[in-house]
There are 2 protein chains.
Amino acid sequence: MNRKAPVKRTRAKQTRLSADDRRSEFVTKATELFADEGFGGGTRALARKLGVTQPLLYRYFPSKDDLIKEVYRKVYLGPLETGWEKLLSDRSRPLRVRLQEFYQAYTDAIFTRKWLRIYLYSGLKGLDINRWYVGMVKDKILSRIIRECRHDAGLATQSRPSAAELELAWVFHGGIFYYGVRRYIYEAPVLEDKAQMISDALDVFLAGFERLAENSDDRQRAPLKVVV
Amino acid sequence: MNRKAPVKRTRAKQTRLSADDRRSEFVTKATELFADEGFGGGTRALARKLGVTQPLLYRYFPSKDDLIKEVYRKVYLGPLETGWEKLLSDRSRPLRVRLQEFYQAYTDAIFTRKWLRIYLYSGLKGLDINRWYVGMVKDKILSRIIRECRHDAGLATQSRPSAAELELAWVFHGGIFYYGVRRYIYEAPVLEDKAQMISDALDVFLAGFERLAENSDDRQRAPLKVVV
DNA sequence: ATCTTTGGTGATCGGTCGATAAACTGGTTC
DNA sequence: GAACCAGTTTATCGACCGATCACCAAAGAT
C-alpha cells in the first residue's frame, strides 16, 4: 500500500555542536543522571536530557562503561586541589586555623549532592578509583594532619603515623564526611552552620588528641583496656 | 512437524518446601543478592540462588518491590534491640563504660557487609524507612548520650539537646559508622581492633565534650568564631 | 555552486527484565 | 483410589536496554 513518494518524515531539528562541546555535555549530564539514578540510568534518558537521540552517544564513547569512567575521572579529580598539602603544613599559622580552613575548603569541594552520590555509588561498586581516593585521603590529608598534631603537641614527627593515630584521624574525618551524607543524601535536618560544625568537631578532636598525646607512652606499652 | 506425542521434557527436580520456609528463604537470599548487586539485581539471579525457577517468586510476593520492602524490614528491624536505651541510661555504672559497651554491641549488630550495603543502597534511594532509622538514632541514641554526658558533666539535663550538641554527637557517631564503611564496603585496611578504635574515639569525644561543657555558657552567648 | 567532512537521526537487533497464565506433580483427605 | 490442594515448572508477553548500521543534512573548503 502507498508505495509512492516515501512519506517525508519531519526530522527532529538538529542543534549541532562542536565535538568537544558535545562530548563534555554528555559527561556533564551523565554525571547528573547517574547521581540521581545510579549507574543503571539509561542511555536513552541521558540523550533526552541533551535533546538528542540515543545513538549519538556512541559517536563519542565506545560504550556506556567508557562514559562512566569519564564521569568518575571528572568527579573524583575535578575538585582536587594541590594547595591543600601546603595549607596543612604551613607552620607559620596556628594548627587550629589551618585545620579549620582546610576542612572548610575540602567540604566546600565535595559536599554537593552530585559528588557525594557518585562517590557512594562508586564505592558500592568497589572500584579501583575509589580505593585510590581513600588512599589519597590517608596519605595526603590524614597522615599530614597527624604529623602536624604531633608537632603541635611537642612530639617527634619522624616516625610514620601509628595505626591507632590514623584511625583516630579517620574517625574524625569520617564524622565530618558523614555530615555531608546526612545533609545531601539523607536530606536529614542538620546544623545549618557548617563552619560551626567543623569548628566544634575540631575542638573535640584537638582536645582529645592532646590528652591522648600526654600519656602516649603509657598507651603504647599497656593499651587502655575497657570492661566489655 | 512432529505433532505427535508431546515430547516429554525432563522436568527439573522439585524440592518442595513449606510456604513459610520458602518465603523466608526468598527474603534471606534476596538480602544477599541485593547487598551484592544493589536492588537492580534480577529476579532470575535470585531464583538461581534458591535452585528454583523465577516465576515461583510471584507466588510469594505480588511484585519485586514487595520483596524489597520485606528485605528492608528484616534488615533494619532485625538487629534492633530494646535494651540499648536502658544500657545507656543505667547511671549505676560509669558513663565511659556504658558508652563503650553500647557501641561495642551496636557495631556488632550493624557492621556486616550485608547490613551496611543494604543501608547505603536504601539511603541512596531516599526511602522513608531510612529517614525513620536516622530519626531513631537521633532520638533513641544520640539524644540519650547527650543527656548522660550532660549529667556526667554536672549540667542540667531537662532541656532538649541543642542543635550544636546533637551535631557533635552525630559527628562522633558518624565517625564510628564510617569505620564500618571503610572496613566492609571499601574493604580498606583499618585498625583491626574495633574495641580499641571505639575506646580511642570515646576518649576523644568525652575529653572534648568536657572541655566544651566547661565554657558552655560563654559559647551560648558568643559562639566561638574562627578565622576563615 | 559544488564537494567534502562530520555531527546527527531512524530503524532495528539481540538480550534481559518483571510479570502472567497455564500446565504439571507431590502430598493429604475422604 | 479418586479428588483436591498447594508448591513448582514451562512458556511467553511487553517493555526496556546497550549497541550497530545506513542514511541524512549542516557547515567548511575549493
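The model is predicted: local features need pLDDT of at least 70, side-chain atom pairs count only at pLDDT 80 or more, and totals for chains, interfaces and linings use all residues. Residues are numbered from 1 along each chain as its sequence is written, chains are lettered from A in the order in which they are written, and side-chain values use heavy atoms, with hydrogens and water left out. Chain A and chain B bury about 4,700 Å² between them. The largest cavity holds about 170 Å³ of space.

**Interface**

- Chain A gives 49 residues to the contact and chain B gives 51 (contact: heavy atoms within 4.5 Å).
- Carbon and sulfur atoms carry 66% of the buried area, which is the accessible area (1.4 Å probe) that two parts lose on being put together, summed over both.
- A:Leu124, A:Glu167 and A:Tyr186 supply 16% of the area that chain A buries against chain B, more than any other three residues.
- The rule finds 14 residue pairs in polar contact across the interface, both at pLDDT 80 or more (N or O atoms within 3.5 Å; within protein, one must be able to donate a hydrogen and the other to accept it, and residues adjacent in sequence count only if both atoms are side-chain atoms).
- On the side of chain A that touches chain B, α6 (95-110), α7 (113-125), α8 (128-152), α9 (163-184) and α10 (194-214) each give two or more residues (helices: DSSP runs of H or I, at least four residues, numbered from the N terminus).
- α9(A) gives the most to that side, with 13 residues.

**Cavities**

- The count is four cavities of 30 Å³ or more (on a 1 Å grid over the protein atoms alone, sets of points where a 1.4 Å probe fits but cannot get out; lining residues have an atom within 4 Å of a point).
- Lining residues of the largest cavity include A:Phe172, A:Phe205, B:Phe172 and B:Phe205.
- α9 and α10 of chain A and α9 (163-184) and α10 (194-214) of chain B each supply at least two residues of this lining.
- The lining divides into 12 nonpolar, no polar and no charged residues.

**Salt bridges**

- Over all chains the count is 30 (a side-chain nitrogen of Lys or Arg within 4 Å of a carboxyl oxygen of Asp or Glu).
- Four salt bridges cross the interface of chain A and chain B.
- B:Arg131 pairs with A:Glu187 at 3.5 Å, N to O.
- A:Lys49 pairs with A:Glu32 at 3.4 Å, N to O.
- That pair links helix α2 (residues 43-50) and helix α1 (residues 19-37) of chain A, 17 residues apart.

Terms used. 1 Å grid on protein atoms, 1.4 Å probe; cavity = no way out; pocket = protein on both sides within 12 Å on 5 of 7 lines; lining within 4 Å. Points joined across faces, edges and corners; volume = space filled by probe spheres on them. Nonpolar A, V, L, I, M, F, W, Y, C, P; charged D, E, K, R; others polar.
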